[in-house]
Amino acid sequence: MNHLIIYANHNDGSFNHAVLENITEKYLSLGHEVVVRNLYKLNWNPVLTTEDLKALHQREIPADIAREQEFVAWADMLTVIYPVWWTSMPAILKGYFDRVFSFGFAYGHTPNGIEGFLKGKKVLLLSSTGQPRDIYEQSGMYKAMNMTTDTGIFKFCAMDVIGHIYFPSIQTVSDKVREEYIESVKKFIDNYFL
């Protein structure tokens, strides 16, 4: 299986980076192919410009967008790793989807109306948060984030979201709990690919 990992955290010493390293190792141990796109290391430009839109409309895909679309097309599964900032993904990651999941590539008009074009691809989202789980559950934030991200982006493009795993209170939990979070994701992956 071909895995595209889209990673959005600026800190190489972060919990998210530990997740990236462990998940990459896990996929490789299963004999899968892995490509990691570290958006901060790539210095990814998240701004969808008027020039981008004109080029996309004329099917003259800008080189940086075309390269990422090739990775998405190659992948059987996307794993997206990011911290939750202001109940959403960091701007660099949102801008990745704004630019790469473009009309004509990820979705478009068909005789049946608007349809997603990325059918058959799987998605796993891994998100660290600052607040405790119960605060997000009681306020409806998990539901809202799942709706805007999982449904609004990936399911809209006809992708199968196999899970959105949150790691709550990441700044205040113990190292032991962080290790348990990582082990739980590895177990999720093992169970999924059994």
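**Notebook: strands, cores and pockets**

I started at the strand pair: Lys-122 stands opposite Asp-160 in S7. The model is predicted, so I took local features only at pLDDT of at least 70 and side-chain atom pairs only at pLDDT 80 or more, while totals for chains, interfaces and linings use all residues. Residues are numbered from 1 along each chain as its sequence is written, and side-chain values use heavy atoms, with hydrogens and water left out.

**Strands.** I looked up the pairing next. Strand S6 (residues 122-128) runs parallel to S7 over 7 bridges. Pairing here needs at least two DSSP bridges between the strands. Strands are DSSP runs of E, at least two residues, and helices are runs of H or I, at least four, numbered from the N terminus. I then checked burial of S7 (residues 160-167): 7 of its 8 residues are buried, that is, under 20% relative accessible area with a 1.4 Å probe, protein chains only.

**Cores.** I looked for nonpolar cores, meaning sets of buried Ala, Val, Leu, Ile, Met, Phe, Trp, Tyr and Cys residues joined through side-chain atoms within 4.5 Å. The largest has 33 residues, and Leu-93, Tyr-96, Phe-97, Phe-101 and Phe-154 touch the most other members. S1 (2-7), S3 (77-83), H4, S6, H6 (141-155) and S7 each supply at least two residues of this core. H4 gives the largest share, 5 residues. A second, separate core holds 20 residues, including Tyr-27, Leu-126, Ile-165 and Phe-167.

Leaving out residues up to four places away in sequence, Phe-97 touches Ile-6, Val-80, Met-89, Ile-153 and Phe-154. Contact means heavy atoms within 4.5 Å.

**Pockets.** I used a 1 Å grid over the protein atoms alone: a pocket is an open set of points where a 1.4 Å probe fits, with protein on both sides within 12 Å along at least five of seven lines, and lining residues have an atom within 4 Å of a point. Volume is the space filled by probe spheres set on the points, which are joined across faces, edges and corners.

The largest pocket has about 360 Å³. Its lining counts 23 residues, with Pro-83, Ser-128, Thr-129, Ile-170 and Gln-171 nearest the centre. H1 (15-29) and H5 (133-139) are the elements that give two or more residues to this lining.

The second largest pocket has about 210 Å³. I noted Phe-97 and Phe-101 again, among the residues that line this pocket. H2 (50-57) and H4 (91-100) each supply at least two lining residues. H2 gives the most, 3 residues.

How values were computed: Buried means under 20% relative accessible area, exposed over 50%, partly exposed in between (1.4 Å probe, protein chains only).
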